[in-house]
Amino acid sequence: MTALNRVPSLMVRAGTASVFTIAAVGGSVVVPGVASDAAAATPATKALQVAASKKGSPYKWGASGPRRFDCSGLTLYSFKKAGKKLPRTAAQQYNKTHHISAKSRKAGDLVFFHSGSNVYHVGIYAGKGKIWHAPKTGDVVRLQKIWTKSVWYGRVS
């Protein structure tokens, strides 16, 4: 199978210049309904990318990067790199976010783990029921399935 068969949209013509010609001269093609990398890079998306880039970094209680993290330190660091300010602890971060339903959650939203009204852990929602987080002492930053229904969601604004 050739690249042309896999990506038939490459055969689309933009005006009188083909996509191949535009790409060869370093131009870009706007495709309706498809966001450019710059437009898609919201602060939440950037924060998610930063958190994912820290995969394997060791957990350290009270640490907020750039090499070691606790749970809220990872979210604080990730959103700071994306241009958003968050308070230090998971509970403070929960209080600072716009609370949303599980149905409304999107990649880049914060996932808060709670026992009753006590927020004890936070991660960044990655989609498909998974989060990037710094789990606990002896562990590392990693992608993991949400393991409980005792979670609340928050969106950083």
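1. Basis of the model. The structure is a predicted model, in which local features need pLDDT of at least 70, side-chain atom pairs count only at pLDDT 80 or more, and totals for chains, interfaces and linings use all residues. Residues are numbered from 1 along each chain as its sequence is written, and side-chain values use heavy atoms, with hydrogens and water left out.

2. Overall composition. The chain holds six helices and eight strands; helices (H or I, at least four residues) and strands (E, at least two) are DSSP runs numbered from the N terminus. In sequence order the pattern reads α-β-β-α-α-α-α-α-β-β-β-β-β-β. Of the 157 residues, 36% are buried, where buried means under 20% relative accessible area, exposed over 50%, and partly exposed in between (1.4 Å probe, protein chains only). Among contacts with a separation of 6 or more, 49% join residues 24 or more positions apart; a contact means heavy atoms within 4.5 Å.

3. Crossing of H4 and H5. Two packed helices are described by the angle between their axes and the distance between the axes. The axes of helix H4 (residues 43-53) and helix H5 (residues 71-81) come within 8 Å and cross at roughly 125°. That makes H4 oblique to H5. Axes here are lines fitted to C-alpha atoms, for helices over the stretch in contact, and angles run from 0 to 180 degrees between N-to-C directions. Angles under 35 degrees count as roughly parallel, over 145 as roughly antiparallel, 65 to 115 as roughly perpendicular and the rest as oblique. The crossing of H4 past H5 is right-handed, that is, with the near helix turned clockwise from the far one by less than a right angle.

4. Residues at the crossing. From H4, the residues Pro 43, Ala 44, Ala 47, Val 50 and Ala 51 meet Leu 74, Tyr 77, Ser 78, Phe 79 and Lys 81 of H5. The residues of this contact divide into eight nonpolar, one polar and one charged. In this division Ala, Val, Leu, Ile, Met, Phe, Trp, Tyr, Cys and Pro count as nonpolar, Asp, Glu, Lys and Arg as charged, and the others, Gly among them, as polar.

5. Burial of H5. Helix H5 is mostly covered, with nine of its eleven residues buried. These are Cys 71, Ser 72, Gly 73, Leu 74, Thr 75, Leu 76, Tyr 77, Ser 78 and Phe 79. The cover over the buried residues of H5 includes H4, helix H6 (90-96), E4, strand E5 (118-127) and strand E6 (130-133). Just after H5, Gly 83 takes a positive phi of about 90°.

6. Asp 109. This residue is found in the loop between strand E3 (98-100) and strand E4 (110-115). Asp 109 is buried, at a relative accessible area of 2%. The side chain of Asp 109 makes a polar contact with the side chain of Arg 155 at 2.8 Å. A polar contact is a pair of N or O atoms within 3.5 Å; within protein, one must be able to donate a hydrogen and the other to accept it, and residues adjacent in sequence count only if both atoms are side-chain atoms. A polar atom of the Asp 109 side chain also lies 2.7 Å from the backbone nitrogen of Lys 106. Neighbours within four places in sequence aside, Asp 109 is in contact with Ile 100, Ser 104, Gly 123, Ile 124, Tyr 125, Gly 154 and Arg 155.

7. Asp 139. The loop between E6 and strand E7 (142-145) holds Asp 139. At 16% relative accessibility, Asp 139 counts as buried. Not counting residues up to four places away in sequence, Asp 139 touches Ser 57, Pro 58 and Tyr 59.

8. Backbone geometry in two loops. Pro 66 is found in the loop between H4 and H5, and the peptide bond from Gly 65 to Pro 66 is cis, with omega near 5°. Lys 128 is placed in the loop between E5 and E6. Phi of Lys 128 is near 55°, a positive value in a residue other than glycine. Lys 128 counts as exposed, at 82% relative accessibility.

9. Asn 118 is partly exposed, at 46% relative accessibility. Asn 118 and Ala 91 are 27 residues apart in sequence and 7.5 Å apart in space, C-alpha to C-alpha. Lys 85, in the loop between H5 and H6, is exposed with a relative accessible area of 76%. The C-alpha atoms of Lys 85 and Val 156 are separated by 8.9 Å, with the two residues 71 apart along the chain.
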